[in-house]
Amino acid sequence: MRTLKGCLFVLLVISGFPAKAQNGYWQQRVKYVMNIDMDVQTNRFTGKQRLEYWNHSPDTLHRVYYHLFWNAFQPGSMMDERSRRQGTILMGDKPDWDKRVKDRISNLKPEEIGYQKVSALTMNGTPQPYETRGTILVVTLTRPILPGQKVIFDMSFEAQVPLQIRRSGRDNPDTKVRYSMSQWYPKISVYDKEGWHPDPYVGREFFGNFGDFEVNITIDKKYILGGTGYLTNANQIGYGYEAEGATVVRPAGDRLTWKFVAPEVHDFMWAADPEFIHQSKKVRNDLTLHLLYKVAKSKPEKWEKVLADAERALPYIERTFGPYPYKQYSFITGGDGGMEYPMATLLASPGAWLHEWMHEWFYGRLATNETRYPWMDEGGADYADTRVSAWLNQQGVPGYSQPDSTYFSYLDLVKSGKEEALSTPGDHFNTNFAYSKGSYIKGALFLVQLGYILGDAVRDQVLLNYYQQWKFKHPGPEDLIRTAEKTSGTVLDWYRDYWIYTTRTIDYAIDSLWEAGGKTRIRLRNDGLMPMPVDFLITLRDSSREMHNVPLDLMYNAKPPEDTAVKWQVDQPWPWTNKYYIVETNHRLTDIIAAEIDPSQRMADVKRSNNRILLKY
């Protein structure tokens with residue numbers, strides 16, 4: 001997320017965020033205007049919402065759907081039932097449930113539950129019939145929305161802020177934050193080329209339409225707010241938001257109305273507390289970083305270090321993953337761990353700041369359907385977090401070599417017998433264990449191995465091309481793969497099919513070696529069910545090294561040399577059906593002191609013990 005000033009907003013609408021683009025691409029567009037009246041005594045608020053909805057699809061819409069996320073925080077909800085069911089599944093001797101949720105929803109009292117109740121809904125001034133089904137509002141339209149048509153929905157609703165259970169809520173006992181306001185308003189579901197996505201809120205991630213938000217929040221004057229968007233009446237609000245040198249002139253009374261605008265985002269989050277400490281740091285002319293924190297468990301200096309580290313990391317992040325397109329970003333104490341939102345994140349502690357910030361590039365700008373493809377968001381953010389952390393700590397190289405912790409975490413998943421394919425929708429994983437290890441760890445390894453297959457430099461160009469082409473467009477796995485293929489000239493459908501749609505594993509081994517005619521032959525063996533290209537390094541007595549790159553036949557290409565200090569040789573492709581492959585070198589056997597499959601350890605080989613041999617004479 002980066003800069004939006006003046007005419008750049010118009011440019012994003014025209015070019016960066018097309019409603020209709022080349023090759024038949026389209027996406028729906030929304031504009032929300034909401035006026036919210038918050039009562040901090042009852043923890044309830046009323047809202048008026050006007051939603052402008054553009055149907056850019058080629059389809060006639062007879063229904064629309066809204067998400068009413070907070071209805072999940074009621075005894076007997078789908079989230080409650082699912083969480084208690086997970087408690088009956090043991091991972092070792094521990095229940096599989098999310099420890100933040102457990103059976104807490106079933107014990108909520110009436111004044112502690114969450115709800116969102118729609119009291120009136122019109123389309124173009126005509127009342128519409130609707131039905132609440134748990135966390136989904138089903139609206140059967142009195143007149144269909146035609147292709148190319150814009151309609152206006154006006155809604156009145158009320159809500160009660162739930163006790164903090166998952167992500168959003170009030171009075172978190174750990175962070176001591178009064179209000180973490182995420183998933184807090186009726187939000188229209190996404191309609192795309194795959195149809196409607198009215199996924200009930202069971203526990204996982206989210207999917208939203210890109211558009212513009214105008215949100216006016218009236219609340220007790222003592223409360224300090226932060227979140228998505230730009231505060232347009234900062235000089236009436238103060239609390240550190242006012243322009244430099246400005247005199248804050250607040251209106252009379254004990255309440256303030258905070259006025260926010262947020263262009264080109266797919267959600268809006270805010271948090272509020274009367275004891276927030278607000279600091280800001282202008283890191284360049286068009287970008288200010290905000291920090292709103294409370295001193296609960298973490299010391300002030302740990303929170304304040306977040307701003308300094310973010311400023312230091314930003315140039316590297318933008319070089320590697322693409323430019324940030326907004327004028328602000330806010331790190332805010334709240335939530336129940338760490339959770340990303342456009343232009344802001346909720347953090348229970350400062351340690352998760354980087355992972356959540358990196359979501360801005362995957363969740364925020366690319367905005368893949370997380371409910372269906374959680375690995376694309378969580379895996380991307382996990383990969384980026386590790387890579388940027390290595391850069392910040394000067395422990396890594398620009399290409400990023402996977403740390404042992406990621407690899408061993410993946411091995412834990414494989415050995416558990418609980419692994420499920422990454423193509424499994426987030427809410428439908430049988431265990432939380434499989435979801436987290438798969439979406440985060442195996443998802444991150446997808447990008448690590450893409451660097452192994454294509455070369456790190458090519459993979460990095462893939463990521464930049466992917467971001468530039470697909471920001472603001474909700475790409476899916478096919479879009480990422482096609483970008484990688486076009487950038488590299490390599491066929492990659494086999495990689496997608498094996499790594500994403502199966503749980504097959506990689507296991508290459510050195511089988512045997514011998515000398516014949518003054519040359520050494522080394523036979524490699526594939527013991528796994530997932531084929532891969534093979535980097536095979538031979539080290540000689542004179543300390544010189546010879547890298548044999550063995551492409552997989554399905555690639556129809558080979559990666560370029562990655563290390564100029566090593567003799568690089570591309571051998572004949574290894575047919576995926578063949579169990580054995582022979583590498584030949586012109587050196588005698590006694591000249592060789594070591595040989596190793598995948599010396600960079602970027603391939604997630606489940607048995608590395610048979611990847612290397614040392615020859616002692």
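**Whole chain**

How many helices and strands does the chain have? I counted eleven helices and 33 strands. I note at the start that the model is predicted.

I then looked at the overall dimensions. Along the principal axes, the C-alpha atoms of the chain fill a box of roughly 95 × 55 × 55 Å.

Next came burial and contact range. Of the 617 residues in the chain, 59% are buried. I took the contacts between residues at least 6 apart in sequence and found that 70% of them join residues at least 24 apart.

**H4 and H6**

I looked up how helix H4 (residues 300-321) packs on helix H6 (residues 374-392): their axes are 10 Å apart and the angle is about 120°. The crossing of H4 past H6 is right-handed.

I listed the residues that make this contact. H4 supplies Asp-309, Arg-312, Ala-313, Tyr-316, Ile-317, Arg-319, Thr-320 and Phe-321, while H6 supplies Tyr-383, Ala-384, Arg-387, Val-388, Trp-391 and Leu-392. Sorted by class, the contact of H4 with H6 has nine nonpolar, one polar and four charged residues.

**H4 and H9**

H4 also meets H9. Here the axes come within 7 Å and cross at roughly 85°, which means that H4 is roughly perpendicular to H9. On the H4 side I found Glu-318, Arg-319, Thr-320 and Phe-321; on the H9 side, Asp-460, Leu-463, Leu-464 and Tyr-467. By class, this contact of H4 with H9 has four nonpolar, one polar and three charged residues.

I checked the two H4 lists against each other. Arg-319, Thr-320 and Phe-321 are among the H4 residues in contact with H6, and Arg-319, Thr-320 and Phe-321 are also among those that meet H9.

**H9 and H10**

How do the axes of helix H9 and helix H10 cross, and within what distance do they come? H9 (residues 456-470) and H10 (residues 477-488) have axes that come within 9 Å and cross at roughly 125°. H9 is therefore oblique to H10. I logged the crossing of H9 past H10 as right-handed.

The H9 residues in this contact are Val-458, Gln-461, Val-462, Asn-465, Tyr-466, Gln-469 and Trp-470, and the H10 residues are Asp-479, Leu-480, Thr-483, Ala-484, Thr-487 and Ser-488. By class, the contact of H9 with H10 has six nonpolar, six polar and one charged residues.

**Lys-437**

I turned to single residues. Is Lys-437 buried or exposed? Lys-437 has a relative accessible area of 17%, so I count it as buried, because the cut-off is under 20%. Lys-437 lies in helix H8 (residues 432-454).

I set aside its neighbours within four places in sequence, and Lys-437 is then in contact with Ser-409, Asp-412, Leu-413 and Lys-442. Leu-413 is 24 residues from Lys-437 along the chain, and their C-alpha atoms are separated by 6.3 Å.

**Asn-71**

Where is Asn-71? I found Asn-71 in the loop between strand S3 (61-67) and helix H2 (78-86). Its relative accessibility is 9%, so Asn-71 counts as buried.

With neighbours within four places in sequence left out, Asn-71 is in contact with Ser-77, Gly-114, Tyr-115, Gln-116, Thr-132, Gly-134 and Thr-135. I also looked up Pro-162, which is 91 residues from Asn-71 along the chain; the C-alpha atoms of the two are separated by 9.2 Å.

**Positive phi**

Last, I looked at backbone angles. Arg-167 is not a glycine, yet its phi is positive at about 70°. Arg-167 is in the loop between strand S10 (150-160) and strand S11 (169-170), and its relative accessibility of 2% makes it buried.

Gln-183 is not a glycine either, and its phi is positive at about 50°. I placed Gln-183 in the loop between strand S12 (179-181) and strand S13 (187-188). Gln-183 counts as buried at 2% relative accessibility.

How values were computed. Residues numbered from 1 in each chain as written. Predicted model: local features only at pLDDT ≥ 70, side-chain atom pairs only at ≥ 80, totals over all residues. Heavy atoms only, no water. Axes fitted to C-alpha atoms, helices over the stretch in contact; angles between N-to-C directions. Helix = DSSP H or I, 4+ residues; strand = E, 2+ residues; numbered from the N terminus. Parallel < 35°, antiparallel > 145°, perpendicular 65-115°, else oblique. Left-handed = near helix turned anticlockwise from the far one by under 90°. Contact = heavy atoms within 4.5 Å. Nonpolar A, V, L, I, M, F, W, Y, C, P; charged D, E, K, R; others polar. Buried < 20%, exposed > 50% of the residue type's maximum accessible area, 1.4 Å probe, protein only.
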